[in-house]
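Hi,

Here is the structure I said I would pass on. Have a look at it, and then read on for my notes.

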Amino acid sequence: MAASETISATERERARERAAEYLLKRHRFRPAEALPWLVAIAVFFLFPERMTFGSQVLIMVMFALSLDLILGYAGIVTLGHAAFFGIGAYTVGLAAARLQWSEPISGLFAAAIAAGVVGFITGWFLLRYRGLTLLMLTLATAILLQETGNLRSDISGGYDGLPGLTFNPLFGVFDYDLYGHTYYLYVLVALAVVFYFVRRIVYSPFGQALTGIRENVRRMHAIGSPVHRRLVTVYTIAASIAGVAGALFTQTNAYVTLTVFDFDNSAKVMVMLILGGTGRLYGAFVGAAVYMVLEDYFSKLSPTFWQFGIGLMLVLAVLFARRGVLGLFESAGEYFAERKKS
Amino acid sequence: MPQFANIAVSILFDGLAYAMFLFITSVGLSVTMGLMGFVNLAHGAFAMAGGYVVVSLTRSYGVGFVPALIFASILVGVVSIPFERFLYRRLYRSTDLEQVLLTIGLAFMAIAAFTYFYGPIPKSVPLPGWLQGDVNLGFRAFPSYRAFLILLGAALIAVLWYAFERTNIGAKIRAAVDNRRMAESVGINVDRLFTLTFALGSGLAALGGGLAIQLFGLTPSFAVIYLVLFLIVVAVGGLGSLKGTLLAALVLGVFDTAGKYLLADAGGFFIYAVTVAVLLVKPAGFYGRE
Amino acid sequence: MTAALQVESLNRAFGALPVTRDVNLTLERGARRALIGPNGAGKTTLVNLITGALKPHSGRVVLNGEEITELSQADRARRGLARTFQINQLFRGLTVLENLCMTIGERDGNCNNLWRAAGSRRVVIDEALDHLDALRLTDDALKLVRELPYGRQRLVEIAIALAQKPRVLLLDEPAAGVPSSESHLILDVVASLDPDIAILIIEHDMDVVFRFAKEITVLVQGAVLTQGTPDEIMNNEEVRAVYLGQEGHHGGHRGGRHG
């Protein structure tokens, strides 16, 4: 303690500069960030026969990314995120089936807006609560939306859904092919655009405020942060993104049923994110990819075995790897850095 | 009886039976969550396990239905103790999210294990003669099983109420729910208390699971499908409150039954609409503490 | 001249227990007032009522002439009311510098920005570093708060309050929990605060109180016992009774031995 009081002026200047540098450069793209995109493109060339599956993985990445904003950055735990995925999915589905509107890109925008509006309204009411209360309210909201769809199954197609949807070629030029090549690239581009926005938000002062809310909401109130407004904002954005993911789901599957609103869906995306690592942007990529690939392999082998495995993974993750796969990498990195120092 | 009154009586009767089931299965969850603040989503798995124990005992070992219920409750209650001591205890200071994830993981493992041993096809139980058919009360006949459920529920409520309000242990539990640190500082061994209430709650859940077989059929996914209901009852009633769990079970049970009777398809609506309505106005539930 | 902070007839009860009883208090600009009283007197509760963490059952709080009784905590903070907590309330998983940048960002509305990188506003970073310099925390700027010893964390707590550029500052036992070898750092900081800021400090240590305070308010069982200059308080019979436990409010009717 005494040493810092006798530190010289130049040393202090240098310490200042170092500190400033860190913050100034934090948001710059690092080379390692190109990795997931390179992998995604490599998959396109290496596994051309698995493109439909690949699209679903990318859609789940987008869905998990939207949840990371709420759960990883703002620290809000909900059980009804599938509601927004479902709204996006049905916006596109109903537009195609009932209104004969099959232009894909405008469908994405419509889905984002619809999901965003519902996110704004529900968020405004529900984000005043926390803990078990919020879990139950968000869960009940998702189920209510599902039941509403079931009520008017004449419109929604109920649990049998809306099959046989067709969509116009992209920009009127790129038609979808049997193996889903076009759609894979379409989803990849959509994901890249969404990711760019999410990344900017996370590194912005607003994103900083979200982290503050997660770390110590009491302090945030005390320094004058409009906490509720911030939460509703991020919730709306996350809902919109989840809606886009849902819209892509309907477009790539040419089919949508009410099961998109299932609690199962909300739980699945949460598990993916936790396994990958929350609050780390790329946790969504790692978690969704690993989960989907493992599920694809094991559930074909034996669905029971897969369910057991997922349960076991969760238990082990909570006990030994709280920060997910990326967290494990970080810990490993820190461990080796310590070893190198000594 | 006039048509309208007949329907009303049916709704009340079935609703009451359903409420008893909800109460028996959820009360343990409410008390353990109120006492330790631990979100246990594996609670439904204990209920499911209890149900399967009853199935095995009655089908493979010829044990009577009621003895099987008693045995299943005790067995599951005892088996739950090592879970609490060796697994749950490590997470008492963890975040809600971690507790949710751990217990959901356990639930998945349980579902998978029971699917492996019992298969996914719904199971039923052979009921003794006196629980089959109807019991005639003069103005109307009522299904015997549901009447049994109501009476059993009422008896359990009386026993639990007495235990909570009039015994030493009950007082200690209430004190610890109210203010754990205070209770510890006056010498109450809260850890041991929690193990006890946890075992009791799991045992009651197993009882509820066994009783549910006749009402809904039993599959391994019972563990998560009905979990949502139990959580709703607990949230709406208020954590740690016997009164609250009962009131919530009654309100939700009757509303859900009414909805299904009167509006068939739309029926599922009501229970969730009521939940949202109650929680918006009283976020801690009927008798919860803010 | 308008007082910086005015508290009028503030009342609050928890159930049947009154915790704040008809409290009146005024802080002029540049005030240096200490709030003292035995444990359980309701000092922190009073601060919570002033900052808006609790709502009173009756009474008013007026900040710089503007009534803020109905405003939220955040609204009051933005009008120039800052506080420190008795137990540190910091962003433990973030670096010290980020803690400060966040505070400044919320203060000047920077945190409404979703688009530009947080690091691109050099102005904010520089101001944060200035605050850290003033409290000799520059070396710790990039350390995570939870890695710092408690005493330095306490300094961060104060730095945050100062970074809000408050006109009224409420300090809740600023040296609490700090090892006595380091508490002088905290107290030096408090002593050198901007003379324009009105400060109310809750404190138990009488040396600190008499060194720092120009006025003292004594709170007992939620009500103001007396207010005055340090000299007046020191010589006040009732105050001595409360603190030395002779006759008066607590001791009196216990029966048994005679004094």
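Which residue is the bridge partner of Q6(C) in β4(C)? V62(C) is the partner of Q6(C). Before the rest, some housekeeping: this is a predicted model, where local features need pLDDT of at least 70, side-chain atom pairs count only at pLDDT 80 or more, and totals for chains, interfaces and linings use all residues. Residues are numbered from 1 along each chain as its sequence is written, while chains are lettered from A and ligands numbered from 1 in the order in which they are written.

**The sheet in chain C**

That pair belongs to β1 (residues 5-14) and β4 (residues 58-63) of chain C, which are antiparallel and share five bridges. Strands here are DSSP runs of E with at least two residues, and helices are runs of H or I with at least four, both numbered from the N terminus. Two strands count as paired if DSSP finds at least two bridges between them. The whole thing is an open sheet of four strands in chain C, in the order β2-β1-β4-β5, with antiparallel pairing. At the edges sit β2 (17-27) and β5 (66-67) of chain C, each pairing on one side only. Helix α1 (residues 43-51) of chain C packs on this sheet and touches β1, β2 and β4 of chain C, with its direction at about 65° to that of β2(C). For contact, read C-beta atoms, placed from the backbone, within 7 Å of each other; for angles, read 0 to 180 degrees between N-to-C directions, with axes fitted to C-alpha atoms, for helices over the stretch in contact.

β4(C) and β5(C) run antiparallel and are joined by two bridges. L63(C) has E66(C) as its bridge partner in β5(C). Their hairpin has two residues between the strands, and N64(C) takes a positive phi near 50° there.

**Who touches whom**

Two pairs of chains touch, and A and C make the most contacts. Chains B and C do not touch, and their nearest C-alpha atoms are 13 Å apart. The A–C contact takes 35 residues from chain A and 41 residues from chain C. On the chain A side, the elements giving two or more residues are α1 (2-5), α2 (9-25), α9 (181-203), α10 (205-215) and α11 (217-222) of chain A. The most comes from α2(A), with nine residues. That side divides into 16 nonpolar, ten polar and nine charged residues. (Nonpolar is Ala, Val, Leu, Ile, Met, Phe, Trp, Tyr, Cys and Pro; charged is Asp, Glu, Lys and Arg; polar is the others, Gly among them.)

One caution: α1(A) has the lowest confidence in chain A, at a mean of 49, against the highest, 96, in helix α12 (residues 227-253) of chain A. The mean pLDDT (the predictor's confidence in each residue, from 0 to 100) of chain A is 88, and 95% of its residues reach 70 or more.

L281(A), in the loop between α13 (263-276) and α14 (283-301) of chain A, has a positive phi near 60° without being a glycine. L281(A) counts as buried because it has 22 C-beta neighbours inside 10 Å (buried is 20 or more other C-beta atoms within 10 Å, exposed 12 or fewer, partly exposed in between, with C-beta atoms placed from the backbone).

In chain B, 19 of the 27 residues of α8(B) are buried, so this helix is largely enclosed by the rest of the structure.

Cheers
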